[in-house]
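Please look at the sequence and the structure before reading on.

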Amino acid sequence: MASVPSLASSVNQRVAAALVSALPEAGAADPLLRRSDRADFQANGILALAKKAKANPRELATTVVEGLDKGGVIEDIEVSGPGFLNITIADRAIVETLAARATDDRLGVPVNENAGTTVIDYAQPNVAKEMHVGHLRSAVIGAAMVEILEFTGEKVVRRHHIGDWGTQFGMLIQYLLEHPHELDHKAAPASATEDTAASGAEAMSNLNRLYKASRALFDSDEEFKTRARARVVDLQAGDEQTLALWQRFVDESKIYFYSVFDKLDMDIQDPDIVGESGYNDMLVETCRLLEESGVAVRSNGALCVFFDEYKGPDGQPTPLIVQKSDGGFGYAATDLSAIRDRVNNLKANSLVYVVDARQSLHFKMVFETARRAGWLNEDTHAYQLAFGTVLGADGKPFKTREGETVRLVDLLDEAIDRAAAVVREKAQDLTEEEIIERAAQVGIGAVKYADLSTSASRDYKFDLDQMVSLTGDTSVYLQYAYARIQSILRKSGDAKPAAHAELALTPSERALGLHLDAFGELVAEAAAEYAPHKLAAYLYQLASLYTTFYAECPVLKADTPEQVENRLFLCDLTARTLTKGMSLLGIRTPERL
């Protein structure tokens, strides 16, 4: 079914039509409609239009009001100040619009008719290395954008560009060749969830032990160092035995990756993991195309792309090195080959890279190189969804007390433990098994929401006490609002949610209703701007408005049966909007807490 136009959209169209009627020579004009604390909406566009037409803005505003078709949507409109329009929506229009929205499974979120194919590059851990707090933001932000874009009609291709290639594998492979049982698993598989975590922990333990042992030998034994370096040559040459051992490292690392992503409640599929090695066969051709087209040139034996706008400390242009003077390929060659693959083979219109802001210069140069080569153009664009750093309470990059990078698994486990204490304290009719299940949903939700409620480009402080708080801008506050509504609906007996447009609304009912009506346009905006934090902010305001409504408007003890049904209707639509919005952010909403 077609999406229901919002009240804001309807009012905007009516005011725009009245503007054209009042001043036809000015052509189409934007009323600049926005929410207001003086009325439901305020239109500010008349001032600029009057200035352009050399007309009196207040007189023009009065003419617009006189010619406006209220159409049962607008209850009242008044001219304010130098020519602002303060607009109040009719109670009936609010309820009727929400009733239409309630019949739509999409809750009014439009499907983008111009949708194309977007490749999102996110969640990019490194093979044979432990995931740390720095891997959190790419995974959480990327997963949310996948959900938001897919829901608005985009075809999304997920790509996890894992670090699975490089000279360090010579050392690891050579050590494994000489100690063949180092990656063997000792324990027999147990049952599902515990097995995933246990297998992941054992895989990482094996990899950590092997890495430390091989590094110690590499640093102390010159003969081993020579053999390890020779093994790098074998790997790059495609030696069968060497590749088979390399694949063991990749497979063992995936066991670990999947255990971490499972704890994060994220679905990562094997076909979507295309690491650095996936583009090896394209590197030579990428370099050839860049050199033949003149986009890249040889400089001291290296293949480089130069940019006038990017200069180093010495004032000289900073080049993008595609191929080193020794013939080795840098990250740029891999990233440019990935762009070719994603545009030519995956037919992408948009490439979104959820990558640390500290890599911004690299990606600016890569994207500009791809544009010069013709791989990116007006129809195909690339965008770095750059994210800031996770900080500790001291405002510095988050570390352990010993100064080590925080292991992601430890951080998630602690969040779940803190959440368990909160859930256990509030739990009234939950079994111990349910408390454990809710603790994971609340704890992981708290970590995700803290990340997503901050604009991606900003740094944020990782404060678990605040994250699992029942008050303030937290996912726990939203989850409890949802659970409270479910409790009311369970206790409603024979009364069912039903819209009653004939009823007058209280101020808190109006505020809640108008905010519910904005959900569709907000999700579309979050998708268009790659801005999941805007959805998080909307949901927090929704929960806050519901809390005010709950405090001021008795639901089950309302004055009339019709009012009970209408308030149950507002409760039900709020719950549906909360759970849909939270699911787009990758956060669960338990029915009971």
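## Basis of the values

The model is predicted, and local features need pLDDT of at least 70, side-chain atom pairs count only at pLDDT 80 or more, and totals for chains, interfaces and linings use all residues. Residues are numbered from 1 along each chain as its sequence is written, and side-chain values use heavy atoms, with hydrogens and water left out.

## Whole chain

The protein chain has 20 helices and 13 strands. Helices (H or I, at least four residues) and strands (E, at least two) are DSSP runs, numbered from the N terminus. Taken along the principal axes, the C-alpha atoms fill a box of roughly 90 × 65 × 45 Å.

Of the 593 residues in the protein chain, 51% are buried. Buried stands for under 20% relative accessible area, exposed for over 50%, and partly exposed for the range in between (1.4 Å probe, protein chains only). Among contacts with a separation of 6 or more, 73% join residues 24 or more positions apart; a contact means heavy atoms within 4.5 Å.

Helix H20 covers residues 561-584, has 24 residues and reaches 35 Å from its first C-alpha to its last, close to the 34 Å expected at 1.5 Å a residue. The expected span is 1.5 Å times one less than the number of residues. Just after H20, Gly-586 takes a positive phi of about 80°.

Two packed helices are described by the angle between their axes and the distance between the axes. The axes of helix H19 (residues 532-552) and H20 come within 10 Å and cross at roughly 155°. H19 is therefore roughly antiparallel to H20. Axes are lines fitted to C-alpha atoms, for helices over the stretch in contact, with angles from 0 to 180 degrees between N-to-C directions; under 35 degrees counts as roughly parallel, over 145 as roughly antiparallel, 65 to 115 as roughly perpendicular and the rest as oblique. The crossing of H19 and H20 is left-handed, a term for a near helix turned anticlockwise from the far one by less than a right angle, whereas clockwise gives right-handed. On the H19 side the contact is made by Leu-535, Tyr-538, Leu-539, Leu-542, Tyr-546 and Phe-549, and on the H20 side by residues including Arg-567, Leu-570, Cys-571 and Thr-574. By class, the contact of H19 with H20 has 11 nonpolar, three polar and one charged residues. Here Ala, Val, Leu, Ile, Met, Phe, Trp, Tyr, Cys and Pro count as nonpolar, Asp, Glu, Lys and Arg as charged, and the others, Gly among them, as polar.

## Helices H11 and H12

Helix H11 (residues 331-344) and helix H12 (residues 360-373) have axes that come within 10 Å and cross at roughly 50°. This angle makes H11 oblique to H12. Their crossing is right-handed. H11 contributes Tyr-331, Ala-332, Asp-335, Leu-336 and Ile-339 to the contact, and H12 contributes His-362, Phe-363, Val-366, Phe-367, Thr-369 and Ala-370. These residues divide into eight nonpolar, two polar and one charged.

Thr-369 of H12 is buried, because its relative accessible area is 0%. Leaving aside neighbours within four places in sequence, Thr-369 is in contact with Leu-290, Val-295, Val-305, Phe-307, Leu-320 and Leu-336.

## Two further buried residues

Phe-224 is found in helix H8 (residues 222-237) and counts as buried at 0% relative accessibility. Not counting residues up to four places away in sequence, Phe-224 touches Met-171, Gln-174, Tyr-175, Glu-178, Ser-214, Leu-217 and Phe-218.

Arg-159 is found in strand E6 (residues 155-159). Is Arg-159 buried or exposed? Arg-159 is buried, since its relative accessible area is 11%. Beyond residues up to four places away in sequence, Arg-159 touches residues including Asp-121, Tyr-122, Asp-272, Tyr-279 and Arg-342.

Asp-265 has a positive phi of about 60° although it is not a glycine. It is found in the loop between helix H9 (240-263) and helix H10 (283-292), and at 33% relative accessibility Asp-265 counts as partly exposed.

Tyr-530, also not a glycine, has a positive phi of about 50°. Tyr-530 is found in the loop between helix H18 (519-528) and H19, and counts as buried at 13% relative accessibility.
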